Amino acid sequence: MTDTPMFPVWRGGVASWGGAVGWSQAWGWGRCLRWEPAGPGEGAQALDGPIWCVLCRECRVRLQEACQRGQGALRLRADMLSLKLPQLEAQALLDTHQVPKVFREDGIISGYRDPQSSAKDCLLSSFQLTNETINIWTHFLPTWYFLWRFGVLCSTLNFLSDSYTWPLLVYMLLICVYPFTSSCAHTFSTMSPESRHICYFFDYGALSLYSLGCAISYGSYVMPDGWVNSWLHQHYVPIAVGNTIFCTSLSCYSSKVLRTGAFVFPFLFDTVPLFYRLLLCCWGSCGPSEALVNHSYHLLFAFLTCFLFASHLPERLAPGRFDYFGHSHQLFHVCAVVGTHFQMEGVMADMAARRAWLVTHGAAPSLLGTAGALAAGVFLNLGIIALFSAPLFWKLPQLRGRCRGAAATHGVNPAPHTE
Ligand SMILES: [Zn+2]
C-alpha cells in the first residue's frame, strides 16, 4: 500500500475557526486521514485538488476526537469519491397497438407503460410522464388534503367519546381511503393483466365503501326532518351495506356499462334524502343554508364525474390529443375529489347546524350503525375482492414462476394453475 498522503486537506481557512492557519496544519489531519489509492499507480492523480468540507462546530470536535483516537487507522479509498447514484432511466412508452387489449383505453393512443413492469418500475413511472401519471397524482395529492382535514377535525372534535361525531369519523376515514386506493391501483396496474384486475378490484371496493360512508353520514346528519325515525331512516345503513356488496360484486364481475350502473345505483340511493331536501327548498319550504349550498355543488360535480366516466370526452372526439393531459379519467378524478370536498363541507355544516334538533328527536348515532356497519362493509368487500382475485392470483406471472420452481423441487406437476 502506498502511503501517498492525499489528504492534506480540511483546509477550512475560515478565519473564525482556524484563524489564518488552515485546519490541516492546526490539527494535523494529514496524520490521521489518508486516501488509499484505488489501485497501483492510480495514486495521486486520482485526486489532485483539495477537498473542502463544511462541518458544524460539534461535528468538527467529534471528528477531531476520532482522529486523535485512531491515528492513521482511518483510511479512505480514493474510489469512494465516485458516488454511484441509482440509474433512473425513463421507461420506453408504448402505443395502443403495442399493449394487450385489456390495457387499452378508448381515445388514448400513446403513453402506455410496459404491461409487464416490475413493482419498482411502476413506482418510478409515477415520476415520469405517461398516460397514467396525472391519474396517479390527481388522487394521491387529494389523499393528503383529506388527511389534513381529518387531522384538524381530530384536534377539534372528540371522536372518542362523543357518539354524535362517529358517522363523520367513518366518513372521513373512507374519503381518505378511496383516493389513496385509486392512486395505488393506477400506479401498479401495469404489472400484468391479472394484477391490473386485482388492483381495480380494490379500487371498486374502496369506492363502494365510500358510498357506505356517505350513507352513514347522510343517515345521521342529512336526513330531512320529516323522515327522521321513518322506516327508510331505520333501514338506510343496512341497505347501504347491502348496496356495497352488490356494487363491488357487479363491478368486479362485469363490463364497463354495468360497472357505471353499479356505482350510480348506490349513489342515487344515498342521495335520495338530499334530493328530497333540495326539492322541499324548491317548493319554498326551507331557508337558505350553508349546508344545502355545499350539497348542491357536490351534486353538480357528482353529475359531471359520472358524465365524464361514461362519455370518455374529450379524448373520444380527438383520439391521441389528450393522451397525457386532459383525458376524461383525469377530469373524472378531479371532479370526484372536488365533489367530495363540497360533500364533506355540506355534511359538516349539517352536522353542526342540526345537532340540537337531531339529538332531541332521538336520532343519536349508535356504535353498531357506524363502526359496526363499517366493519361489516370492510369484511364483506374484502371477501368479495378475495373471491374474484383468487383465480387471477394463481395466474400472476411472479407467483407462477415461483410455484413452478417450488413444484419442480417438490416433484409436483404445476399444470393445473397454468392457462
Ligand atoms: Zn381512476
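A residue is counted as buried if 20 or more other C-beta atoms lie within 10 Å of its own. In this predicted model, His 186 has 25 other C-beta atoms within 10 Å and is therefore buried. His 333, with 24 other C-beta atoms within 10 Å, is buried because it also reaches that cut-off.

Both residues belong to a set annotated in UniProt. The "binding site" annotation, from an unreviewed entry, covers His 186, His 329 and His 333. These residues span 148 residues in sequence, yet no two of their C-alpha atoms are more than 11.5 Å apart, so they gather at one spot. His 186 lies in helix α7, and His 333 lies in helix α12.

Helix α6 comprises residues 133-156. Its 24 residues reach 35 Å from the first C-alpha to the last, close to the 34 Å expected at 1.5 Å a residue. The buried residues of α6 include Asn 135, Ile 136, Thr 138 and His 139, and the buried residues of this helix pack against α7 (166-187) and α12 (328-353). Apart from residues up to four places away in sequence, His 186 touches Glu 132, Asn 135 and Ile 136. With the neighbours within four places in sequence left aside, His 333 is in contact with Asn 135, Thr 138 and His 139.

The unreviewed UniProt entry also places the feature "transmembrane region" at several segments, among them residues 164-181 and 291-310. Over residues 164-181 the chain is 89% helix and 0% strand, with end C-alpha atoms 28 Å apart. Over residues 291-310 the values are 100% helix and 0% strand, and the end C-alpha atoms are 29 Å apart.

Terms used. Residues numbered from 1 in each chain as written. Predicted model: local features only at pLDDT ≥ 70, side-chain atom pairs only at ≥ 80, totals over all residues. Helix = DSSP H or I, 4+ residues; strand = E, 2+ residues; numbered from the N terminus. Expected span 1.5 Å × (residues − 1). Buried ≥ 20, exposed ≤ 12 C-beta atoms within 10 Å, placed from the backbone. Contact = placed C-beta atoms within 7 Å. UniProt positions renumbered as here; feature names shortened; annotations may be inferred.
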